[in-house]
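Take a look at the chain below. This report walks through some of its side chains, one group at a time.

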Amino acid sequence: MSVTAAQGFEAAGVSAGLKSSGGKDVAVVVNRGPHKTGAAVFTSNRAKANPIIWSQQAIADGVVEAVVLNSGGANCFTGSFGFQTTHQTAEKAAELLGVSAADIIVCSTGLIGTGDEIFRGKILSGMEEAIGALSADGGEDASLAIMTTDSKPKRAVVTRDGWTIGGMAKGAGMLAPGLATMLVVITTDAVLEPAEADAALRRATARTFDRLDSDGCMSTNDQVTLLASGATGIRPSLDEFAAALAEVCQDLAVQLQADAEGASHEIAIEVVGAASEEDAVIVGRSVARNNLFKAAIFGNDPNWGRVLAAIGTTDAAFDPYDVDVSFNGVRVCSQGGPDRPREEVDLTPRRTHIVIDLRVGEAEATILTNDLTHDYVHENSAYSS
């Protein structure tokens, strides 16, 4: 049930006519308490959508009563009118729920520039319908309502000794890090203080969502929100909760990678032997964002030269003439030179594992990405809503 798996939450998803397909497009997730703890991380893109601008203000006190989400329009670069739409959404939701508008988080996803009078009317009426349909079984409908080019909903649940974390996510394109990489709502019935929720969320996203770099394109609407109801009365240690939260986030991140627009390979780029974790991330990301490498994987070509060329553009500590590179368990490059024959590498499986050994230290990190395909280009040339 994703966001309603934890105690103390209700959700709903309805069709308000925002999507041309007629599918569900407005979702609401409500925290019934007794605690109303919230935390969020947002895109670091300077071009921020109106819901991001609103939600960054709303989250400041660490209290969140509800999250209102829509697909079918990003409400980004829609001027002061668009910000007023977000404001009215929060106010209307607060009125219906009997809470403060300052404690309502708003999220939107879809085509940038969409957010006119018709859009506003559909958001407000859809939200009212969704609030009327709230239930403890509404997590599935909510996860469907936030989808855009997604081919399937993304949901994850982890249960510990007496408490639960549940989450839902959307995202299939514009998946690149910047504190968050898509729209995600995560709920828990554990007891958390706002500072604890914020610390755990930042720790978890830094090693999961922030290491998903599907296409190198950072969205204007990215947001990950964590809500804690405290309904179980159980207060786990911060380390225990953060580990479980990271498990949920990693599960969702892998689902997002698997559903990336047009992709034919899910690529894990594991960098080992780095001088620091930061260096490992930088090196892995340089490969994940290299279109020549991604095109080679699409063609089932273990072109290790493109890997070395990509990592050579970074300032990470290593000697490019002392690096090993393996594709799916076959070391094709050893100390900056050819090793096993390329013909030994099988890149036909969808899951692809690259290991880059920098041979300078003990740090490591893994970046998740996808290949560059004809279908990706087609989807993003044809996409309009």
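## Rings, charges and cysteines

R120 sits over the face of F81, 3.8 Å from the ring centre. Keep in mind that this is a predicted model.

**Aromatic pairs**

How many aromatic pairs does a search of the whole structure find? The search finds 2. One of them joins W54 and F83. Their rings are 6.2 Å apart, centre to centre, and the planes make an angle of 55 degrees. That pair is tilted. The pair also links distant parts of the chain. W54 is in helix α1 (residues 50-58), while F83 is in helix α2 (residues 79-97). The two residues are 29 residues apart.

Is W54 buried or exposed? W54 has 9% relative accessibility, so W54 counts as buried. F83 has 21% relative accessibility, so F83 counts as partly exposed. The cut-off for buried is under 20%.

Now take W163 and F241. Their ring centres lie 5.7 Å apart and their planes are at 35 degrees, so this pair is tilted. Planes count as stacked when they are under 30 degrees apart, and as edge-to-face when they are over 60. W163 lies in the loop between β6 (154-159) and β7 (164-170), and F241 lies in helix α6 (residues 238-258), so the pair ties together parts that are 78 residues apart in sequence. Both W163 and F241 are buried.

**Cysteines**

How many disulfides does a search of the whole structure find? The search finds 0. A disulfide needs its two sulfur atoms within 2.5 Å. C76 is buried, with a relative accessible area of 0%. C333 is buried too, with a relative accessible area of 0%.

**An arginine in a helix**

R285 belongs to helix α7 (residues 277-288). R285 has a relative accessible area of 18%, so it is buried. Where does T369 come in? R285 and T369 are 84 residues apart in sequence, yet their C-alpha atoms are 8.8 Å apart in space.

**Accessibility in brief**

The table gathers some of the values above.

| Residue | Relative accessibility | Class |
|---|---|---|
| W54 | 9% | buried |
| F83 | 21% | partly exposed |
| C76 | 0% | buried |
| C333 | 0% | buried |
| R285 | 18% | buried |

Note on methods
Residues numbered from 1 in each chain as written. Predicted model: local features only at pLDDT ≥ 70, side-chain atom pairs only at ≥ 80, totals over all residues. Heavy atoms only, no water. Phe/Tyr/Trp six-rings, centres within 6.5 Å; stacked < 30°, edge-to-face > 60°. Helix = DSSP H or I, 4+ residues; strand = E, 2+ residues; numbered from the N terminus. Buried < 20%, exposed > 50% of the residue type's maximum accessible area, 1.4 Å probe, protein only. Lys NZ or Arg CZ within 6 Å of the ring centre and 35° of its normal.
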